[in-house]
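Morning, everyone. Please bring up the sequence and the model, and keep both in view while I talk.

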Amino acid sequence: VGWMISGLSLITLWTVVRIWMGGAERRPRASLALQSALLGYCLDSLLVLVGAMRFPPELQLGGPSPLWMVGLWFAFGASLEEALGGLRSRPLLAAVIGAAGGALAYWGGAGIGALEIDAPLYGLSLIGLAWGLALPLLLLRGRAQS
């Protein structure tokens with residue numbers, strides 16, 4: 001648990017510093033990071049509750065989605081505009097990239113033991129659906145705050 005708290009603390013610190021250094025973009029970046037963390041917690045928790053995935057008990061810190069995952073969503077939201085802001089005007093492409101990228105990222109996470117996906121077709125399909133909705137939605141929220 002100690003290394004999870006350390007990791008969560010480091011990613012949160014890194015993200016807060018990144019937001020702080022954003023100058024005029026500070027407020028919209030912070031808002032998008034917080035919205036991303038909230039959306040990520042809700043989506044990942046829903047995915048756990050419907051049996052698409054689960055987190056090993058030794059990696060559970062919070063729940064149903066652990067706090068370290070919320071930290072990853074927080075960091076993702078803080079860097080979204082720079083990394084994928086070009087997809088704002090292409091929501092269908094953002095959905096496809098979100099679905100494929102999200103499923104692949106979680107599959108990779110399962111490969112290193114960060115989460116478990118018992119029924120890969122079911123789990124990865126739902127994860128892809130969640131990310132296919134989340135990425136365009138977050139990009140839209142980012143646009144609304146610019």
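Which helices each supply at least two residues of the lining of the largest pocket? They are α3, α4 and α5. Before I go on, some ground rules. This is a predicted model, where local features need pLDDT of at least 70, side-chain atom pairs count only at pLDDT 80 or more, and totals for chains, interfaces and linings use all residues. Residues are numbered from 1 along each chain as its sequence is written, and side-chain values use heavy atoms, with hydrogens and water left out.

Helices here are DSSP runs of H or I, at least four residues, numbered from the N terminus.

Back to the pocket. A pocket is found on a 1 Å grid over the protein atoms alone: it is an open set of points where a 1.4 Å probe fits, with protein on both sides within 12 Å along at least five of seven lines, and lining residues have an atom within 4 Å of a point. The largest pocket has a volume of about 320 Å³. That volume is the space filled by probe spheres set on the points, which are joined across faces, edges and corners. The lining has 18 residues. Nearest the centre lie M69, L72, A105, Y106 and W131. The most lining comes from α4, with seven residues.

Now the aromatic pairs. Rings of Phe, Tyr and Trp (its six-membered ring) pair if their centres lie within 6.5 Å; planes under 30 degrees apart are stacked, over 60 edge-to-face, the rest tilted. The whole structure holds five such pairs. Take F55 and W68: their ring centres are 5.7 Å apart and their planes at 90°, so this pair is edge-to-face. F55 lies in the loop between α2 (26-49) and α3 (67-84), and W68 in helix α3, so the pair ties together parts 13 residues apart in sequence. Are they buried or exposed? Buried means under 20% relative accessible area, exposed over 50%, and partly exposed in between, with a 1.4 Å probe and protein chains only. F55 has 7% relative accessibility, so F55 counts as buried. W68 has 16%, so W68 is buried too.

Next, Y106 and W131. Their ring centres are 6.3 Å apart with planes at 70°, so this pair is edge-to-face. Y106 sits in α4 (residues 91-111) and W131 in α5 (residues 120-145), 25 residues apart. Both are buried. With W73 and F76, Y106 and W131 form one aromatic cluster.

On to the cores. A nonpolar core is a set of buried Ala, Val, Leu, Ile, Met, Phe, Trp, Tyr and Cys residues joined through side-chain atoms within 4.5 Å. The largest has 26 residues, and M53, W68, W73, Y106 and I127 touch the most other members. Two or more residues come from each of α2, α3, α4 and α5. The largest share, seven residues, is from α5. A second, separate core has six residues, including I19, A33, V70 and F74.

Last, the loop between α2 and α3. G51 is there. At 46% relative accessibility, G51 counts as partly exposed. G51 and G123 are 72 residues apart in sequence, yet 7.4 Å apart in space, C-alpha to C-alpha. L61 is in that loop too. At 18% relative accessibility, L61 counts as buried. L61 and V96 are 35 residues apart along the chain, and their C-alpha atoms are separated by 31 Å. That's my tour.
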